[in-house]
Amino acid sequence: MARLLIVFIFLALVAAMAPLFVDYKGHVLIAFGEWTVEGRLSSFIILASAVLFLGYLSLCIVRYAFNSYRNVRHGFFARSKERKQAVLEQALWALINDDMQQVQHTLTKGKVDDKWRDFSLAMQAKARLKQGDHDFALNLLDELSDKNRSEPVNLWLAAHSEAEVLTTLREQCASKKASAHQLKLYAQVLLKLHKYHEFAQLAPRLIKAQSLDENEWDWALRAYFDSDSVETLHKRNGELPKQIRTGGHTHYLRAMVRAGEIVTVQDELKKLLKRSEYSQLLTILSEIEFGNVEEMQKALQGELKKQPDEPEMLLCLAYLAQSQGEHELASRIFDKVLAQQQRLPHPSRAMRSYRATRQAEKALLVLDHSH
């Protein structure tokens with residue numbers, strides 16, 4: 001608006017000064033090839049000003065039209081995106097409420113954004129399975145992208161018999177050309193069906209094909225060592241191939257500690273302590289719920305004399321105290337660590353001791369900082 005006002009002021013000045021140039025004998029001649037244009041200087045000044053004004057006015061009109069079109073177009077797509085988002089949200093709430101009929105109705109009648117298409121198909125497949133329509137569910141699962149085809153393992157198992165799934169996947173993965181996604185699905189099914197020996201045999205191929213990322217390996221190895229039997233844990237640890245024995249051994253130690261067999265593996269835990277591998281030791285001891293921890297406590301206390309404020313060793317000591325029901329001591333240790341840092345690696349453990357000692361405010365504080 002200000003620029004338009006300036007142009008009008010300029011034109012008014014030109015119009016006001018034009019009479020001053022009426023008697024001016026200046027002459028302008030413009031030649032272009034065989035064409036010539038001539039006239040008085042005042043006429044050319046007025047004409048040039050008019051052309052500039054009309055050009056600026058045209059530019060404003062074009063810009064206004066373009067912005068209007070862009071706003072209308074953006075508004076249309078924004079509304080479309082909002083509708084798709086609303087469909088997804090309604091379907092998720094229906095799924096949470098276990099209302100499969102509503103899930104199916106919402107996703108059938110509405111559309112979701114392309115990036116959520118696989119989730120929509122999986123939710124519809126789950127709804128169909130709940131209604132007993134296995135064939136339709138299978139068709140929906142078959143439409144999943146290669147990237148996510150192996151994710152809904154439970155749905156695949158629900159749509160087939162266990163024998164059918166294993167037979168099909170064994171045949172597919174027997175070939176050297178089996179894709180990374182096929183191998184991943186096979187591995188997940190084996191673990192779901194507790195076929196641990198076959199999983200151990202498949203592990204080298206999973207590594208070679210890079211079928212699992214770091215988080216998926218963490219889940220798979222935790223599932224592999226999911227047992228309370230010491231003999232079973234020893235056996236599974238021995239069956240692991242060399243390629244993943246190092247990473248798998250940490251999960252073996254976690255499982256042994258979880259089973260209360262800390263005495264059996266305490267020599268290995270002490271080695272981690274001496275090598276200052278505190279993070280790995282903390283991960284392992286975060287699983288402890290019970291067991292004889294006296295020697296491990298002494299070892300930690302000895303190292304803490306050298307580094308009294310080392311947070312990971314302090315947390316290890318707190319977890320050991322918790323396993324013996326010493327929540328007052330654990331709470332004091334958590335207080336000391338929280339004085340150094342706001343967030344804890346395993347906030348639920350600190351919350352447990354704070355609740356046991358009736359320190360609800362501190363438990364809520366830990367919860368807030370964990371997000």
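Q: How many helices and strands does the protein have?
A: The protein has 19 helices and two strands. Keep in mind that this is a predicted model.

Q: And how much of the protein is buried?
A: Of the 371 residues, 38% are buried.

Q: What about the surface? How much of the accessible area belongs to carbon and sulfur atoms?
A: The accessible surface is about 23100 Å². Carbon and sulfur atoms account for 56% of that area.

Q: Take contacts between residues at least 6 apart in sequence. What share join residues at least 24 apart?
A: That share is 53%.

Q: Let's go to α7 and α8. How do their axes cross?
A: Helix α7 covers residues 162–174, and helix α8 covers residues 180–192. Their axes come within 10 Å. They cross at roughly 145°.

Q: Left-handed or right-handed?
A: The crossing of α7 and α8 is left-handed.

Q: Which residues meet there?
A: From α7, the residues are Val165, Leu166, Leu169, Arg170, Gln172 and Cys173. From α8, they are Gln182, Leu183, Leu185, Tyr186, Val189 and Leu190. By class, this contact has nine nonpolar residues, two polar and one charged.

Q: Cys173 is on that list. Is cysteine 173 buried or exposed?
A: Cysteine 173 counts as buried because its relative accessibility is 3%, and the cut-off is under 20%.

Q: And cysteine 316, buried or exposed?
A: Cysteine 316 is buried too, with a relative accessible area of 1%.

Q: How many disulfides turn up in the whole structure?
A: A search of the whole structure finds zero. A disulfide would be a covalent bond between the sulfur atoms of two cysteines.

Q: Back to α8. Why does glutamine 188 count as buried?
A: Glutamine 188 sits in helix α8. Its relative accessible area is 10%, so it falls under the 20% cut-off for buried.

Q: What is glutamine 188 in contact with, leaving aside neighbours within four places in sequence?
A: Glutamine 188 is in contact with Ser150, Glu151, Val153 and Trp219.

Q: New topic: helix α18. Which of its residues are buried?
A: Helix α18 runs over residues 347–356. Its buried residues include Arg349, Ala350, Met351, Ser353 and Tyr354.

Q: What do the buried residues of α18 pack against?
A: They pack against four helices: α14 (278–285), α16 (311–323), α17 (327–340) and α19 (360–369).

Q: Which residue just after α18 takes a positive phi?
A: That is arginine 358, with a phi of about 60°.

Note on methods. Residues numbered from 1 in each chain as written. Predicted model: local features only at pLDDT ≥ 70, side-chain atom pairs only at ≥ 80, totals over all residues. Heavy atoms only, no water. Axes fitted to C-alpha atoms, helices over the stretch in contact; angles between N-to-C directions. Left-handed = near helix turned anticlockwise from the far one by under 90°. Contact = heavy atoms within 4.5 Å. Nonpolar A, V, L, I, M, F, W, Y, C, P; charged D, E, K, R; others polar. Disulfide = S-S within 2.5 Å. Buried < 20%, exposed > 50% of the residue type's maximum accessible area, 1.4 Å probe, protein only. Areas by Shrake-Rupley, 256 points an atom, 1.4 Å probe, with all protein chains shown as cover.
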